[in-house]
Amino acid sequence: MAWKSLYWEDVEEGQELPTVTRDITCTTVIAGAIASRDFTPVHHDRDFAQKVGLKDIFLNNATICGFVGKYLTDWTGPEGELKEISFRIQTPCFPGDTMTMTGKVVKKYTEEDQHLVDVEYEFAVPQGRNCGGTGTIALPTRGH
Amino acid sequence: MGLEFYEELKAMVGEEGSRLVAVDEVYKPMIRHWCEAMQDGNPLYTDEEYARKSKYGDIIAPPTMLLTWTMPPLWPPREQPPHPFEQFLEKLDKAGFYGILITNVAQKYHRPLFPGDHITFTYKVTDVSPEKKTSLGNGHFVTTTFIFTNQKGETVGTQSLTVLKYRLGP
């Protein structure tokens with residue numbers, strides 16, 4: 001399979017990232033929790049979650065990290081190199097929710113020999129914003 | 001809870017625990033399980049041939065997996081001296097702030113992680129807020145920062161996690 005690369009020259013500040021949706025199921029939540037070795041009951045045990053006042057089990061923070069990484073490098077292609085991510089979790093994402101991921105480029109710059117872009121993203125669920133944050137990615141250039 | 005309690009919390013910020021060793025090395029099946037859960041098809045993580053021809057020369061772990069490599073085993077319990085972070089949370093529990101919720105996550109990636117790399121890490125509380133009113137109840141925001149190191153002593157990345165420790169109810 002051929003993989004496309006997003007080149008730094010082809011990115012503009014203000015440019016929007018593609019909107020991506022994902023339907024979240026119990027399996028999504030539990031597979032993410034176990035893949036990140038997070039056995040906290042609120043991420044796999046519905047009875048427990050309801051006992052502590054939640055509607056259901058919900059996505060753990062590591063799965064959100066994984067979704068952010070995937071969202072950003074699906075956009076850039078595998079040559080895009082994640083440098084950092086940072087986000088605030090606002091409302092839980094439950095099974096049955098459709099998550100809508102949006103983002104935009106807020107800054108394009110060079111630092112030492114790296115060609116970087118800063119992006120902002122937001123993952124929305126029906127009840128509000130699951131998370132919102134920023135990320136920095138180094139991109140390849142056409143010259144190299 | 002008054003200012004005095006907050007001053008006691010502040011005095012505990014920065015206390016470092018002993019260096020901990022990840023249970024397992026970075027390994028390919030775990031990477032693939034992660035990619036399945038995230039539905040991440042990035043070939044650097046699972047396509048041997050693509051990864052070999054890339055600038056890395058080998059499979060790399062998704063950078064966002066950083067904390068995963070250092071999670072404690074479900075069984076048997078890890079034997080380790082009590083960590084200052086646990087004492088910090090205990091102090092909040094005893095004061096009635098039983099609720100806990102992760103509110104902020106930040107990761108920085110300094111170097112890629114390859115299968116076979118073995119992580120050690122330290123972490124400490126780096127910030128605590130005064131008591132704040134939140135929609136869940138009054139609480140303190142506590143930020144913990146992790147530093148991850150590979151077997152060569154190089155920093156591979158850092159992560160900070162902010163939790164709200166809150167008092168349930170009115």
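Author: Over all chains, a search of the whole structure finds 14 salt bridges, a salt bridge being a side-chain nitrogen of Lys or Arg within 4 Å of a carboxyl oxygen of Asp or Glu. The model is a predicted one, in which local features need pLDDT of at least 70 and side-chain atom pairs count only at pLDDT 80 or more, while totals for chains, interfaces and linings use all residues. Residues are numbered from 1 along each chain as its sequence is written, chains are lettered from A and ligands numbered from 1 in the order in which they are written, and side-chain values use heavy atoms, with hydrogens and water left out.

In chain A, D56(A) forms a salt bridge with R46(A), and their closest N and O atoms are 2.8 Å apart. The pair links distant parts of the chain, since D56(A) is in the loop between α2 and α3 (61-76) and R46(A) is in helix α2, 10 residues apart; helices (H or I, at least four residues) and strands (E, at least two) are DSSP runs, numbered from the N terminus. D56(A) is buried, with a relative accessible area of 8%, whereas R46(A) is partly exposed at 38%. Here buried means under 20% relative accessible area, exposed over 50%, and partly exposed in between (1.4 Å probe, protein chains only).

In chain B, the side chains of E16(B) and K124(B) meet in a salt bridge of 3.4 Å, N to O. E16(B) lies in the loop between α1 and β1 (20-21), and K124(B) in strand β3 (residues 120-128), so the pair ties together parts of chain B that are 108 residues apart in sequence. Both partners are partly exposed: E16(B) has a relative accessibility of 42%, and K124(B) has a relative accessible area of 27%.

Another salt bridge of chain B joins the side chains of E36(B) and R32(B), at 2.3 Å from N to O. These two residues both lie in helix α2 (residues 28-38), 4 residues apart, about one turn of the helix. R32(B) is partly exposed, with a relative accessible area of 40%. Salt bridges that share partners also join E81(A), K83(A) and K55(B) into one network.

A charged residue without such a partner is D38(A), which is buried yet has no salt bridge. The nearest side chain of opposite charge, R37(A), is 9.9 Å away; Lys and Arg count as positive and Asp and Glu as negative, while His and the chain ends are not counted. D38(A) lies in the loop between α1 (26-35) and α2 (46-51) of chain A.
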